[in-house]
Amino acid sequence: MKASSFHYKTLKEVPKDAELVSHKLMVRANMIKPLASGIYSWLPLGLKILNKVEEIIRKNMNEYGCLEVLMPMVQPKSLWDETGRSEKMGQELLGFSDRNDRKFYLGPTHEEVITDICRQELQSHKDLPKTFYQIQTKFRDEIRPRFGIMRGREFLMKDAYSFDIDENGMNKSYATMKECYKKIFDEIGFDYKIVKADSGAIGGNMSEEFHVLANSGEDTLVFNEKDFSSNLELLEEDLKKQIEDKINNNDFSDIESKHGKLSIMKGIEVGHIFELGNKYSESMGLSVQYNNVQKILEMGCYGIGVSRIVAATIEQNHDDQGIIFPRSISPFDCSLISINENKSNKVKEKSLEIYNLFITNNIEVFYDDRDVSLGVKFSDANLMGNPYQIVISEGNIQENLIEVIDRRDQSKSKIKETELLGLF
Ligand code: ATP
Ligand code: MG
């Protein structure tokens, strides 16, 4: 991609309401645009990143045998009345009526819809086990939408639902999803922790969360070295209070407890897995014939905050110049920066030659061919955060070398043109 034909307008100013680094950088780098409180458009640069996250998730879900579906965002209120969640979810549900006065909600999650589908589709134990998933827009009328897309009202989620004949099967489906999630978060390159969690409005028995470790995280995680890891929310009152007091004093040192020595860290929840049991299948009548009895199915549900992952990545990977994307989801593999190409034909020709070399070898390159100062090119490249910056200048051409800057540590090296593709 050439900068001159892309849409890329970086901002110097930081949005007034932005507290988090990821929010500031995403707006400055022209990745997202606010429309209303907690509601954002994704501009071309941001969408490239979001699509890469989606693809990593989709690839792994498929590899683990899950089947992709796409359910409607608009859901009849009557379904929510069957499970009694109209009341339970309360004000997070945004509802409206159609012209015939039928009531609907914008879907905040899809347990009811998938259970309704499965009570029609799953007739026999031979149809089991099954895990369906989708990658889809959710709407939750959050009390405090904030931090940009980190806690939006409209956001992109991957939600999956497993169906088994018995508890043993459900445990297996849950374990499989847990493995799959590890693969996904490893592939993105996160430093993360898995902790025991509260199952909240979704309900059910066993539940664990995946947290990206970052000081700006809204959740507090506590864990010892071997067998204990939990969201602070779940701890017994006394210990919880003790840890909260420590944190209020900005003290994150280890503490002694009945669970042993506990480490305290802040995390951003990017994934949540639940064993639901028969909570939804019972109230909505999802069962199949098995050994001459009607057997109520055992379900699990599994969420990943697709759009939140982009913000969490930036929280974990940035410096004072901008974003440092891991290769897995960086918008481009590298930035190509030409020095004074409008004054030097040699630089222009060499830059084009390298650009074409990348294109023919399927390396995604962002070629900054704009007629702007060098300072602007470098500061914009640092803001965008591609892993490498390839610099073409007259001096380097004379030496027959190409300069490469590693975005993470800003280290510079000069390599031969023949070594260039080996970087990727
Ligand atoms: P939180 O505690 O952050 O509100 P949750 O427990 O309500 O999350 P789930 O219902 O488990 O979240 O949703 C699955 C995933 O969707 C979460 O792990 C999170 O990554 C993401 N998510 C939830 N709410 C939002 C939001 N308002 N904006 C962006 N992502 C969200
Ligand atoms: Mg929530």
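**Strand and pockets**

Modeller: β11 and β12 form a hairpin with five residues between them; strands here are DSSP runs of E of at least two residues, helices are runs of H or I of at least four, and both are numbered from the N terminus. This is a predicted model, in which local features need pLDDT of at least 70, side-chain atom pairs count only at pLDDT 80 or more, and totals for chains, interfaces and linings use all residues. Residues are numbered from 1 along each chain as its sequence is written, chains are lettered from A and ligands numbered from 1 in the order in which they are written, and side-chain values use heavy atoms, with hydrogens and water left out.

Biologist: In β14, what is the bridge partner of L221?

Modeller: β11 also pairs with β14, in the antiparallel sense and over five bridges. For L221, the bridge partner in β14 is M265.

Biologist: How many of the five residues of β11 are buried?

Modeller: Buried means under 20% relative accessible area, exposed over 50% and partly exposed in between, with a 1.4 Å probe and protein chains only. In a regular strand, side chains alternate between the two faces of the sheet. On one side of β11 D219, L221 and F223 are buried, and on the other T220 and V222 are buried. The strand (residues 219-223) is largely enclosed by the rest of the structure, because the number buried is five of the five.

Biologist: Which element gives the most to the lining of the largest pocket?

Modeller: A pocket is an open set of points on a 1 Å grid over the protein atoms alone, where a 1.4 Å probe fits, with protein on both sides within 12 Å along at least five of seven lines; lining residues have an atom within 4 Å of a point. Of the 44 lining residues, R140, R151, E269, H272 and R308 are the closest to the centre. Elements supplying at least two residues include β8 (154-164) and α9 (306-316). The most, seven residues, comes from β14.

Biologist: What is the volume of the second largest pocket?

Modeller: The pocket has 16 lining residues, with P129, K130, D164, G169 and S173 nearest its centre. α6 gives the most to this lining, with five residues. A volume is the space filled by probe spheres set on the points, which are joined across faces, edges and corners. For the second largest pocket this comes to about 230 Å³.

Note on methods. Two strands pair if DSSP finds at least two bridges between them.
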